[in-house]
Amino acid sequence: MADLKYEVRPMVKEDVPQVLDVWKETGMQEGTHCLYTWLEVDPEGFQVAVTDSGEILGVCCAIIHHDDLAFIGIYCVRKKHRGLGIGYKVWNACMEHSGTRNAALNAVPGKLELYRDRGGFPVVESEWVCLVNETHESVHPENLSDIVPDGVEIQDFHESHLPLIYKYDLHLIGYNRELALKLNCQEQDSKSFVAIKDGACVGFGTIKMSCQEAGQVGPLYANDSSVAEVLLKKLVLSLPQAKGFAMMTISTNVPANELIKKIGCPMTEECPRLYRKEKLNVDVSKVFAHFDLNFSPF
């Protein structure tokens with residue numbers, strides 16, 4: 001293996017199926033089509049290590065969200081090729097792409113010190129951690145309420161909802177994510193719902209089939225926990241073919257984590273959030289599930 005020959009280059013669309021296979025080896029979740037979404041958002045954002053024969057050995061991403069922010073994720077190498085420095089090279093290519101702007105990542109268990117002390121991410125979020133909730137078993141959406149506050153209507157996503165979603169998301173997250181939101185709602189193997197009150201969006205959510213064949217929820221944002229609960233119920237019921245469930249929550253959003261308990265999904269990992277320069281300030285009480293946990297900070 002020591003003479004293994006490969007190059008590190010930007011990922012292209014044709015690489016996506018192999019990249020998902022590499023990620024699937026880790027046992028972790030990712031949507032079957034969201035890599036295409038984020039590749040369109042940042043065409044240089046993914047770096048892959050690939051042999052002359054076209055085998056993808058490893059991958060990492062640094063998705064540029066705007067001039068002052070990137071998000072680092074999906075960092076992995078095929079098990080049979082680990083320990084050869086491949087991960088180091090794809091990581092370095094992503095760090096070069098992200099430049100000197102602020103960047104964020106979620107550290108898998110046991111890696112906080114590595115990223116903080118040696119990886120260039122010294123700022124640790126101290127108020128909360130990301131919680132990975134997943135199961136290969138069926139969950140129980142029937143335990144969730146379908147009663148929304150007066151005046152709120154839950155609607156199937158339609159293209160006409162996009163301006164309302166854009167406005168809601170900009171107010172919550174603080175920067176323009178219109179392309180990512182549009183593509184997310186159009187992904188294959190996914191379903192989205194929007195909560196509307198008085199002509200305005202008061203919440204929205206998406207569920208998509210993951211590479212592990214689970215129903216992966218995210219984003220799920222709402223002004224009110226009762227709205228989030230009905231959205232979650234409709235999302236899970238809309239993907240009956242899923243074999244399991246996955247959703248990444250924030251530890252301080254107690255209502256979100258109560259919903260996870262209601263449907264019978266265990267919390268499996270705690271992932272600290274780290275930043276290169278400074279923390280992001282977002283009202284996490286409205287973030288019930290992360291938007292594509294490998295590619296976006298919230």
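**Cavity lining and sheet order in a predicted model**

Visitor: Which strand gives the most to the lining of the largest cavity?

Guide: The model is predicted. A search of the whole structure finds one cavity of 30 Å³ or more. With three residues, the strand that gives the most to the lining of the largest cavity is β11 (residues 215-222).

Visitor: How many residues of each class are in the lining of the largest cavity?

Guide: About 40 Å³ of space lies in this cavity. Its lining is made by Lys208, Gln216, Val217, Gly218, Met248, His290, Asp292 and Leu293. By class, these are three nonpolar, three polar and two charged residues.

Visitor: Which strands stand at the edges of the open sheet, and why is one side of each left without a neighbour?

Guide: The sheet has seven strands in the order β1-β2-β3-β4-β5-β14-β6, with mixed pairing. Each edge strand has a single partner strand, so one side of each has no neighbour in the sheet. The edge strands are β1 (6-10) and β6 (123-124).

Visitor: What is the bridge partner of alanine 104 in β14?

Guide: Strands β5 (residues 102-106) and β14 (residues 273-275) run antiparallel and are joined by three bridges. In β14, the partner of alanine 104 is tyrosine 275.

Visitor: What angle does the direction of helix α1 make with that of β4?

Guide: Helix α1 (residues 16-25) packs on the sheet and touches β2 (46-51), β3 (56-66) and β4 (69-77). Helix α2 (residues 34-41) also lies across β2, β3 and β4, running at about 55° to β3. For α1 and β4, the angle is about 75°.

Technical notes:
Residues numbered from 1 in each chain as written. Predicted model: local features only at pLDDT ≥ 70, side-chain atom pairs only at ≥ 80, totals over all residues. Heavy atoms only, no water. Pairing = 2+ DSSP bridges. Helix = DSSP H or I, 4+ residues; strand = E, 2+ residues; numbered from the N terminus. Contact = heavy atoms within 4.5 Å. Axes fitted to C-alpha atoms, helices over the stretch in contact; angles between N-to-C directions. 1 Å grid on protein atoms, 1.4 Å probe; cavity = no way out; pocket = protein on both sides within 12 Å on 5 of 7 lines; lining within 4 Å. Points joined across faces, edges and corners; volume = space filled by probe spheres on them. Nonpolar A, V, L, I, M, F, W, Y, C, P; charged D, E, K, R; others polar.
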